[in-house]
Structure formats: C-alpha cells, structure tokens
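User: I would like to learn how to read a strand and a ligand site. Can we work through an example?

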Amino acid sequence: MSARLSPRLATAIGALALPNPLICGAGEPVMTAAGIRAALAAGAAGVIAKSINERPEGAAQLERADYAFLSPDHQAGSAGPALFCRSGLAPYEPAAWFATLAALDREAAASGRFVAASLVLAAAEGAVRIAGLARAAGLRVFELNVGAPHAAEAAAGAIAQETDPAALAALVGAVRAATPGMQLWVKLTGLASNLPALAAAARQAGADAVVMMGRFMALVPDLDSMAPVLGTAAAYGGPWALPIVCRFLAQSRRAVGTTFPLLGTNGVRSGGDVARLALAGASAAEVLSVVMAEGFGGLARILAELDALLAARDLRFADLVGRAADAQQSYAAQPKVTGRSGGARWRDFVPPETLAE
Ligand SMILES: Cc1cc2nc3c(=O)[nH]c(=O)nc-3n(C[C@H](O)[C@H](O)[C@H](O)COP(=O)(O)O)c2cc1C
C-alpha cells in the first residue's frame, strides 16, 4: 500500500525518516503479531504495539475491559464516531513480547517503517527495567505513556499519571539512561492543562519526541437503564477531541521550539484530520479508534484522503507542519469586528428577542 502512495507524504521524527505520517496507535488491534502486520499492510508508517507494564493488575484489567461506540448525542450501541471504553494492558511477559516486536520491527524496517514497544507507567523502576529490555531486544523506538486515562479507576498501583514537570523530567532522564541509541517518545495525558511544561520537561530530559494527548475520562448516563454505560467511568475520545489536541500542540510547539518533533493523537477520523494535527504542529499522527470501528482498511482510507488533499493543493506533508500554530494570534491582536447590522458582531448570534427594544 505505502509503495503506491506519493513521496509527498514523507515525514521524520528526528532521525527517524518515515514514508508517511500515519502511525497505528497502541491498543487491542495491535496486541498480536497478525494485527501489527495488518496495520503495516494497510500502509501505516509504524505501529505502537499494545502497551504492557510490570504490574499484574494492568493485565488483569484487560479481562474486565469493555467498549461502546457512542453517537454524537451520547447513545451507546451506535456505530460511533466516539469510543468510550475501559481497557487494560497486554498480559505478556516483557522479554518475549519485545522479541516478537523486534522481529516485526526488522520486517518493517525493510520498507522504511517501524514497530515500537510501549509501556504504560506504573512506577519508575519498572519503566526503567522494561525500557532496558526493549533496547536489549533490539527495538528502535520506545514509547513511554505517562498519562493513561485509567489511572484513577484502575487497581491501586497499576497505572500512574505523571503531571508534575520536575517528576516527569526525573522519570524521562532515568528511562533515557536505559535506552541509549533508541528513539524515546513520551506520550502525555489528556487530563492535565500543563502540557507545554510537560513537553518541555520531557525534551530537556532527553526525549526524542512528545505525543499528545491521551483520552479523557467520562461518565455516560444511559436514559433507559439510568445507570452508567459500561457501569463505570471510562476513557472517552471522539472527533470532538481533535481541536483540543490541536490547541495543546500549538502551545507546546511554542514551549519546545519548532524543530522538536511532536506527534498528535486523539480524534483523527480522516485524512483531513491528520492534516489538521500537522498544521497545529504534529509531524505524525497516532490513530486507533478508526481501526476498531472500521478495521485496518481505515488506515488505508485515511492515507488515501491525505494524499489526495495534498495533491489537490500541490503541497508536501512537511509543508503543513506548524503552519496554523505559527499563524495563531492572541485575542488582543484581533481588529474590532462589525456585525451584519453595522453594530457589534455579538448581535448576529443572539435571537431577535434579545435585541427587541
Ligand atoms: C481500546 C483502547 C486501548 C488503548 N490502549 C492503549 C495502550 O495500551 N497504550 C497506549 O499508550 N494507548 C492506548 N490507547 C490510546 C490510543 O493509542 C490512542 O492514543 C487514542 O485512542 C486516541 O486516538 P484515536 O482517537 O485515534 O483512538 C488505547 C485506546 C483505546 C481506544
């Protein structure tokens, strides 16, 4: 698939050149070698394999995982486009899983692509040890997820969320020391508002790239059962999340500089959405819900849409990165805005009764 796509899609995460910016994000579809091969066959430039960590509680949670697609008016049992779920971690022994992933990474490298290992943080010691195992297996990319949304609901100790820049720098520094020569990507939470400071801390501590942002936590009351959908709060994402991610990407680009690679995740449903993330500052996108909703063919669809969008504008993907972010202005820099009646603009956005004398 990727061989038929245009060179205009090429991108890079630091020293890692990629044929296109579409990465299959970590999740159940890429919890098997067959799933990872299917993502690559659909054209993905890379795969972040389903995460593990050192705690048995994270893997046990997978047996209690459940999923619901929600309509825009919050109805469960629909075809989407939002995905509400509580997931768990892959129940694999790290060295064996990483040996499988390293073999897949070697296969992927033959066509300029990659397969990465991923860890959802439980504690620093475990993260450092498991990162070292990924390096020993010969993997080239390690993604450290410090903000999986389930931290508050999962069993105690299973998943940790790092939202303090100093603590994040210490953690990333320790994992960096265990992964010389590897690409170290840090995936940040969607549940904090200090993402620019966290991105800067990760960069200073030696990360090669920062991925943002994790999904949100939500509760969805069902109108028939009057109980929460799935019975619990759970992680929630959908197309609505994408503009929020874009704002944090643009803010973070200012904090880390225009040459440090950022990746976007959360809400991509189309090639246009990948372009939007790029305009906000992302050099690549991690996409998952689309695969759960429509299969791996969704990745091929998104790539074809992005290729067509760039061809129609005679642009390369690299031309997009950061353009909207760098054009963003402050409220105070805006000129006064005149409405249809010649008065203030707010008058166009209220019912006529509001303006009655
Ligand atoms: C069912 C499910 C499982 C996931 N598992 C992981 C995981 O193990 N590790 C991780 O870093 N992210 C995980 N994620 C997050 C995704 O990789 C991705 O960042 C997120 O779903 C937002 O992108 P999307 O809107 O394209 O789905 C998971 C998401 C879902 C929906």
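User: Which residues of β6 lie on one side and which on the other, and are they buried or exposed?

Analyst: First, the ground rules. This is a predicted model, where local features need pLDDT of at least 70, side-chain atom pairs count only at pLDDT 80 or more, and totals for chains, interfaces and linings use all residues. Residues are numbered from 1 along each chain as its sequence is written, and side-chain values use heavy atoms, without hydrogens and water. Buried means under 20% relative accessible area, exposed over 50%, partly exposed in between (1.4 Å probe, protein chains only). Strands are DSSP runs of E, at least two residues, and helices are runs of H or I, at least four, numbered from the N terminus. Here A82, F84 and R86 are on one side of β6, L83 and C85 on the other, and all are buried.

User: Which strand pairs with β6 over 5 bridges?

Analyst: Two strands pair if DSSP finds at least two bridges between them. Strand β5 (residues 66–70) is antiparallel to β6. Within that pairing, A68 bridges to F84. β12 (residues 234–237) also pairs with β6, antiparallel, over 3 bridges. There C85 has A235 as its bridge partner.

User: Which side chains have polar atoms by the ligand's oxygen atoms?

Analyst: A polar contact is a pair of N or O atoms within 3.5 Å. K50 has a polar side-chain atom 2.9 Å from a ligand oxygen. For R269, the distance from a side-chain N or O atom is 3.2 Å. For S289, a polar side-chain atom is at 2.5 Å. β6 and α9 (289–294) are the elements that each give two or more residues to the ligand's shell.

Note on methods: Polar contact = N/O pair within 3.5 Å; in protein donor to acceptor, adjacent residues only side chain to side chain.
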